[in-house]
Amino acid sequence: MAELTNEEISLLYLVPLMQTAWVCGAVSPRERQLIYEAAREELIDARNQFNNVIDEWLVYQPSQKFFDDCLSLINESLEGKPLKERKILKARILRRCDEVAASAGSKSLMDVNHHVSPQETHLLNRLREILV
């Protein structure tokens, strides 16, 4: 794996959220909001060069190959971390994906499963299997 900066890794960890948002063919305003909130938590603010990348990914759906390649890179980056840190990072990525999936059809974040589509459920299960 090419050496990635911390910022690039932070951006990479947002890709599964993008994939979750796009799985049904369009990104809802609430999904978009959650992705930007996650980016801000990763210190990618509106002035950051990677914010433009996020903007583009929210307008133009990346290819399945792109998503698959990024998942491989995420796994490579996680493999180099201690087990405890790897578990924390994986859990954060998956929690955020769950929130994105649940947000599209729901007005409330308390309703975390009732509006998750079959496509989203399939993807979430796949992400749980793929991420180390």
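Me: Which residues does valine 132 touch, not counting residues up to four places away in sequence?
Reply: This is a predicted model in which local features need pLDDT of at least 70 and side-chain atom pairs count only at pLDDT 80 or more, while totals for chains, interfaces and linings use all residues. Residues are numbered from 1 along each chain as its sequence is written, and side-chain values use heavy atoms, with hydrogens and water left out. Valine 132 lies in the segment after α7 (118–130), a helix being a DSSP run of H or I of at least four residues, numbered from the N terminus. Taking contact as heavy atoms within 4.5 Å, valine 132 touches Asn75, Leu78, Glu79, Arg86 and Lys90.

Me: What is the relative accessible area of valine 132?
Reply: With a 1.4 Å probe and protein chains only, buried means under 20% relative accessible area, exposed over 50%, and partly exposed in between. Valine 132 is partly exposed, because its relative accessible area is 38%.

Me: Which residues of α7 make the contact with α5?
Reply: Helix α5 (residues 64–79) packs against α7 with axes 11 Å apart and at an angle of about 35 degrees, the axes being lines fitted to C-alpha atoms over the stretch in contact and the angle running from 0 to 180 degrees between N-to-C directions. From α5 come Gln64, Asp68, Leu71 and Asn75, and from α7 come Arg126, Leu127 and Ile130.

Me: Within what arc do the buried residues of α4 fall?
Reply: In helix α4 (residues 49–59), the buried residues are Phe50, Asn51, Ile54, Trp57 and Leu58. They line one face of the helix, because the directions from its axis to their C-beta atoms fall within an arc of 120 degrees.

Note on methods: Helices (H or I, at least four residues) and strands (E, at least two) are DSSP runs, numbered from the N terminus.
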